[in-house]
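Open the structure in your viewer and keep the selection tool ready. The stops below tell you what to select next and what is there.

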Amino acid sequence: MRYSNYFIPTVKETPADAEVVSHQLMLRAGMVRKLAAGIYNYLPLGLRSIRKVENIVREEMNRAGAIEILMPSVVPAELWQESERWEQYGKELLRFKDRKDAQFCLGPTHEEVVTDLVRREIKSYRQMPINLYQIQSKFRDEIRPRFGLMRGREFIMKDAYSFDVDEKAADSSYDKMYQAYRRIFERCGLKFRAVEADTGSIGGSSSHEFMVLADSGEDAIVSCSACEYAANVEKAEARPIEAGEHADARALERVATPEKRTIEEVSEFLGVHAAAMIKTLVLLADNEPVVALVRGDHELNEIKLKNFLHCTELEMANDEVVTKVTGAPVGFAGPVGLTVKIVADLAVKGMKNAATGGNEKDLHLKNVNLERDFTVSQFADIRNVVHGDACPRCKDGVMEMWRGIEVGHVFKLGTKYSKALKATFLDADGKDQTIFMGCYGIGIGRTVAACIEQNNDANGIIFPLPIAPFHCIISALNIKEAPVREASELIYQQLVEAGVEVLLDDRDERPGFKFKDADLIGIPLRIVVGSKNLAEGNVELKERKSGEVSLLPIAEAVERVTVAVATALARI
């Protein structure tokens, strides 16, 4: 491909509305252009990288035994009503009516559609296992679309759905997809971790997220320093903290704490460590008040608490509810004397002589003890894991914190959708059984954006070779000079014949201008053809990632590029 005939509208300045690196660089490199909030045109360079990811995904899905289909993006409301997600999914589901006043939505995910397809076609255990997948545009009406392709409203997604006769077979299908995902992201050249995660609105018994590691990542993840355990902070298990040495219960003490509300203010005023305090939080679980207790230096994990309570909605209570439950304004809540349900974190169980709010304005209590002064309805793991926590799975490891960008998610759905939509089959004994399901998603455009978040420098993008728009760029300096033009064309033809994807920069521009564009768009290998080096039979080969520059004869430069590309594209 010749640069002069291609469409690469690069820009020098960083767009004002682009907050994260990937969004900035994709706009500057001419990969995407915004049409509306969270909706983008994919320009040639961006589309080439997206297609590279799609091809890797397609190859590995096929290799794992999945079968490609394509489902409609417009979905009738009846299916979502049947699964009871029509209202549950919320305002992210874009609903509309056709000319006959029938209700539809734009599919954000396709569990209902594929389950409906399978229930009509799969009748016997002999027809399973089967795994159906598609690569298709989705739409989720995000309240605040941002970060370019990282959190758009319309996006390209690969979604797959497995169907099995029982849980054991479903686990096998899940493992195949898990391994396929590992190969996909390894082939994309990404540094990633597979972490245990909450199932969220998709539902199911368990799930894993595939996180690209990047300092700019929205999600906090933890992993063990000694074993393979890794999880999203929302899901990460906290190992129960062993109680310290036995201490006698001291007499309860009331302490005036005028205008001291926060843990930091109260701990300093009382002269106690935050870990010796009990934080009392009032929440509404399906509009019913509930109190959560966590140690003062810990943070409540609302998702853990929501799952433990099996409630549909969980939110922090407003000031009026807090006062009604505790009798005091916000900042002075404590567990002593409360009559509502109290759920305490496991770390609270071993606390002795703790400090808490006194349920009166400007009052806190010291030497509060479980059982003597207050009771707990239930104990559960409801806190966020922190750096340095002991691993819940092994004896030697501690938790390390990372930032990650979710690019893939696999779920064990069980019978959540098949039961709701009555997707059944006849087993070997002729009895009716419910199908077991799994679902598996990858954000295609998001994977490209995450790659850029992980691979960039002050000059622009540094694409891993497997998903770069082109493998190599030839920067022809002083293109009007016949020797430069002829050598550039020769190198171009030889690389194309060797299967290398090449962008020939044949523009009549200054060398510095060409170099800046080449760095910005992130092509991994660059051959510079200039008259000075060419006079000695050489060209310059530069690796974008390492910055390493080699002066080589033309034939050797071509061979080096060809070998580098073949090695990088070799299938795992």
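Buried means under 20% relative accessible area, exposed means over 50%, and partly exposed lies in between (1.4 Å probe, protein chains only). This is a predicted model, in which local features need pLDDT of at least 70 and side-chain atom pairs count only at pLDDT 80 or more, while totals for chains, interfaces and linings use all residues. Residues are numbered from 1 along each chain as its sequence is written, and side-chain values use heavy atoms, with hydrogens and water left out.

**The whole chain**

Start with everything selected. The protein chain has 572 residues, and 52% of them count as buried. Its C-alpha atoms fill a box of roughly 95 × 65 × 50 Å along the principal axes. Switch to cartoon view: there are 14 helices and 31 strands. Both are DSSP runs, numbered from the N terminus: helices are H or I with at least four residues, strands are E with at least two.

**A charged patch**

Select D286. It sits in the loop between strand 14 (278-285) and strand 15 (288-295). Is D286 buried or partly exposed? Its relative accessible area is 36%, so D286 is partly exposed.

Select residues 130-139. This is strand 7, where eight of the 10 residues are buried, so the strand is largely enclosed by the rest of the structure. Two strands pair if DSSP finds at least two bridges between them. Look for E68, which stands opposite Y133 in strand 7. Strands 7 and 8 run antiparallel and are joined by 10 bridges. One place to check is N131, whose bridge partner in strand 8 is S162.

**Strands 9, 10 and 21**

Select strand 9 (residues 192-197) and strand 10 (residues 206-213). They pair in the antiparallel sense over six bridges. Find A194; opposite this residue, in strand 10, is F210. Strand 10 runs antiparallel to strand 21, with eight bridges between them. Here L213 stands opposite G404.

**Salt bridges**

Side chains of opposite charge can pair when their charged atoms come close. A salt bridge here is a side-chain nitrogen of Lys or Arg within 4 Å of a carboxyl oxygen of Asp or Glu. The count by this rule is 42.

Select E54 and R51. Their side chains meet in a salt bridge at 2.9 Å, N to O. Why are they about one helical turn apart? Because they lie three residues apart in helix 2 (residues 44-63). E54 is buried at 5% relative accessible area, whereas R51 is partly exposed at 38%.

Move to D101 and K97. This salt bridge spans 3.8 Å, N to O. D101 counts as exposed, with 52% relative accessibility.

Now take D517 and R507. The closest N and O atoms of this salt bridge are 3.0 Å apart. The pair links distant parts of the chain: D517 is in helix 12 (residues 511-521), and R507 is in the loop between strand 28 (502-505) and helix 12, 10 residues apart. D517 counts as buried at 6% relative accessibility, and R507 counts as buried at 15%.

Then select E59, E60, R63, R183 and R187. Salt bridges with shared partners join these residues into one network.

**Helix 4**

Select residues 111-121. Eight of the 11 residues of helix 4 are buried, so this helix is largely enclosed by the rest of the structure. Among the buried ones are E111, V113, D116 and R119.

**Last stop**

Select V75 in strand 4 (residues 74-76). V75 is buried, with a relative accessible area of 1%. Finally, draw a line from V75 to E481. Their C-alpha atoms are separated by 59 Å, and the two residues are 406 residues apart along the chain.
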